[in-house]
Amino acid sequence: MKAARAKLKEVFGYDEFRPLQAEIIGDALAGRDVFALLPTGGGKSLCYQLPALLRPGLTLVISPLIALMKDQVDALVANGVAATFLNSALEPDEARRRLRGLHAGDYRLLYVAPERMLLSGFLEDIRKWGVTLIAVDEAHCISEWGHDFRPEYRRLVELRDVLPEVPVMALTATATSRVRQDIVERLALREPREYVASFNRPNLFYRVAPKAGAFEQVVDFLAERPQDSGIVYCLSRKSVESLAEKLTAAGVSALPYHAGLDAAVRAGNQEAFLRDEVRVICATIAFGMGINKPNVRFVVHYDLPRNLESYYQETGRAGRDGLPGECLLLYSRGDILKQKRMIDEKPDAEERQAAVRQLNVMAEFAESGGCRRRAVLAYFGEDFPEANCGGCDNCTNPPEELDVTVPAQKFLSCLYRVRQASGFSFGLNHVVEILRGSEAAGIVERGHDRLPTHGIGRDVSAEGWKQLAAELIRLGYASRTDDKFATVDLTDEGLAVLRERRAVRVRRAPAAKRAEARPARRKVAGDFAFDDALFQLLRGLRREIAAAKNVPPYIIFSDASLRHMARFYPDSDLAFEGTPGVGRKKSVEFARRFLKVIRDYVAEHGRQVFRDEEVVREEPEIYRASKQEDFPKVSPKSAGTKGKDKPKRTGRPDDYPRTNLRRGGF
C-alpha cells in the first residue's frame with residue numbers, strides 16, 4: 001500500500017486513510033468484488049478513485065444523479081485526474097468529443113447514470129474501452145427494501161455478461177442487513193469482501209425540540225449561525241415554498257427545492273446552494289441524495305421524517321467534511337397524524353403496516369429521553385458502548401427524572417378495565433377521553449363512562465396523557481398495534497407493575513428559559529479552534545477563484561482545509577502542501593494567492609496561538625520550521641486583542657432552547 005499512500009498524498013493531499021479505505025482499496029487492486037458500506041463523509045469515492053490511478057485501464061462509475069457526476073468530475077479534474085462523465089445534459093458536440101477521448105484511452109474514470117445502459121450501443125462501447133473496475137455508487141438504489149429504489153439499477157447486472165472478468169465494487173452510505181444482502185444478490189457479486197463501517201457520525205450533534213412556533217424557532221436557530229449554510233427539510237411542497245418565502249422576508253437567503261418545481265428552477269436553486277450563493281435550501285426529501293456539498297453545517301427537520309433511516313440519511317448531509325454539524329428535529333405529535341394520513345393513501349395493506357411500524361419507531365426516537373446516538377445506531381444493528389455520547393441533547397443536558405407512579409397506575413388500570421369490559425382494546429384517544437371524563441357518544445354507547453377509571457385523570461391535559469403513554473410504551477408497560485386503528489393494550493410487564501404497585505419513573509426534557517438561547521459551547525468530534533477573521537478572508541478568496549473557474553467553492557478547498565490554514569498560518573510552499581486536502585496540483589495552482597492573504601493578515605494582526613485542552617493537536621514540525629523572521633513583530637495590543645493573547649473560539653452552541661412538552665404534561 002506504499003504506492004497508494006504516496007498517491008493519496010500527491011493527488012488528494014491526505015497523509016492517512018480513513019477507516020476501512022486501505023482494506024477496500026487493497027481488495028480492489030487485487031481484482032476482488034467488494035461491498036462497502038461507509039457512512040456519509042466516510043470517503044466512499046476514494047475507494048474507487050485511488051485504484052483508478054494505480055492500475056491501467058478505465059474505471060466505470062455508475063452514479064444516479066447528473067449533479068453528483070459533474071461535482072465528482074470537477075473535483076477530480078481540480079486534483080489533476082483525467083475524469084469525465086456522459087449524460088443527457090451534454091451538448092451533442094461535447095458528448096462526441098468525450099466519446100472520442102474514451103476510444104483514445106484519454107480518461108481514467110468515466111461516470112454514467114444507470115439509464116445510459118439502456119442506450120443503443122453503450123454496452124458494446126464499454127467492451128472497447130479497457131474497463132478494469134466497475135463501481136456502483138448509491139448501491140442501495142437496487143433494492144426494493146431500500147429508501148431510494150430505482151428500477152433502472154436492476155439492469156446493472158447485465159454488466160456481468162458484458163465484462164465477466166471485471167471486478168465490481170458496490171458502495172452505499174446506509175443499508176439495513178436485508179438491503180445489504182439484496183445488493184450482493186442483485187449485482188451478482190462473486191464472493192465479495194464485505195466492509196461495514198460504523199454508522200456513527202461523531203461530529204454530528206443530535207437534538208429534538210418540541211415544536212412551539214416552528215418558524216420562529218428556525219429563525220432563532222439561523223440567527224445564531226450567521227455564517228453557516230444548511231438544509232431545512234419539510235413534509236410538503238407547500239411548506240417548502242412557504243418557509244423559503246418567509247425566511248427570505250426575514251432576511252435569510254433561502255430557496256425552495258422540491259420535485260414539483262420546474263426542472264430548470266430546481267437545478268438553479270440547487271446550484272446556488274452548492275456555490276454558497278444562498279445559505280439555506282428548504283426542501284422535501286427530493287433533495288439530498290448525492291449532494292456532495294461538504295460544508296453543510298446544519299440540517300433542520302421542520303417536520304417529523306417518515307422513518308429513522310430517512311432521518312439518518314438526511315442528517316448525514318451535515319458535516320461531510322468531518323467538521324461539526326448540527327441536526328435539529330422540531331417535533332409535535334401532530335406530525336404523526338399528518339404522516340399517518342399520507343400512509344392511509346397507500347393502496348397496499350402490507351406497505352401501510354410497514355410504514356406505520358417505521359413511523360412509530362421514529363416517534364419513539366423523538367420522544368425518548370435516552371441517548372439519540374445509541375438509538376440511531378441500534379436501528380442499524382450497532383451497539384454504542386459509551387454511557388454518554390456527548391453529542392446529543394439528552395446526554396449533554398439530561399432530562400429530568402420524574403416519579404409518575406400514580407398517573408401510570410391510572411393509565412395502565414384504564415387499559416385493563418377497557419379490555420375487561422369490552423373484550424378488546426381501543427385507540428389511545430379513546431383511552432385518554434375515558435381518563436378525562438368525556439361524555440362523548442362513543443364513550444357512553446360502550447358503557448365506558450361507568451368504568452372506575454372514567455374521569456380519574458381530569459387534572460391532566462390530553463397531550464400530557466399521550467406523552468405519558470409514549471413513555472409507558474417505550475418502557476414496555478403498554479403496547480401499540482401497527483394497523484390503521486393503532487390500539488393500545490396492557491402488556492404482561494405492565495400488568496405486573498399494576499399488581500405489584502411498582503414505582504414508575506420517566507424522563508422529561510428540562511425546560512429552557514429564553515435567556516438561555518445561547519448556552520455554553522460543547523465540543524464534538526472534528527471541532528478545533530482557529531482564527532475566524534483569517535478564515536473569512538480565505539473563504540472570500542476561495543469564492544473568487546471558484547467563480548472564475550465556474551465551480552462550487554468546495555471544489556477549490558474544503559472548509560476543513562481553510563480552517564487548518566487559519567489555525568497554523570502556513571508561510572511557505574512546503575508548509576502549504578502540509579495542509580490536509582492540498583495535493584500537488586492545487587499547491588502549484590493556488591499556493592501563491594493563499595499564502596499572500598495569510599502573510600498580509602499576519603503582518604497586520606499577528607498570529608494567535610491555540611492550545612485547546614479539548615483537542616490534542618501538536619503543531620507539525622513543518623510549521624515549527626517556518627521562518628518567523630518573514631513576519632513583522634506585532635504586539636497583542638496592536639493586533640486588536642486589547643493586550644490579551646487569547647485564542648478566538650468560533651464553535652457553535654450545541655444546546656438549542658427546549659421548552660416543556662405541554663403544561664399539564666408529565
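Arg-563 lies over the face of Phe-535, 5.6 Å from the ring centre; a charge is assigned to this position if NZ of Lys or CZ of Arg is within 6 Å of the ring centre and within 35 degrees of the ring normal. Lys-293 is likewise placed over the face of Phe-273, at 5.0 Å from the ring centre. The model is predicted, with local features requiring pLDDT of at least 70 and side-chain atom pairs counted only at pLDDT 80 or more, whereas totals for chains, interfaces and linings use all residues. Residues are numbered from 1 along each chain as its sequence is written, and side-chain values use heavy atoms, with hydrogens and water left out.

Rings of Phe, Tyr and Trp (its six-membered ring) were paired if their centres lie within 6.5 Å, with planes under 30 degrees apart classed as stacked, over 60 as edge-to-face and the rest as tilted. Phe-528 is buried, at 6% relative accessibility (buried denotes under 20% relative accessible area, exposed over 50% and partly exposed in between, with a 1.4 Å probe and protein chains only). Phe-530 is also buried, at 2% relative accessibility.

A further edge-to-face pair is formed by Phe-557 and Phe-590, at 5.7 Å centre to centre and 75° between the planes. Phe-557 lies in the loop between α23 (553–556) and α24 (559–568) and Phe-590 in helix α26 (residues 584–605), so the pair ties together parts that are 33 residues apart in sequence; helices (H or I, at least four residues) are DSSP runs, numbered from the N terminus. Phe-557 is buried at 1% relative accessibility, and Phe-590 is buried at 5%.

Methods. Helix = DSSP H or I, 4+ residues; strand = E, 2+ residues; numbered from the N terminus.
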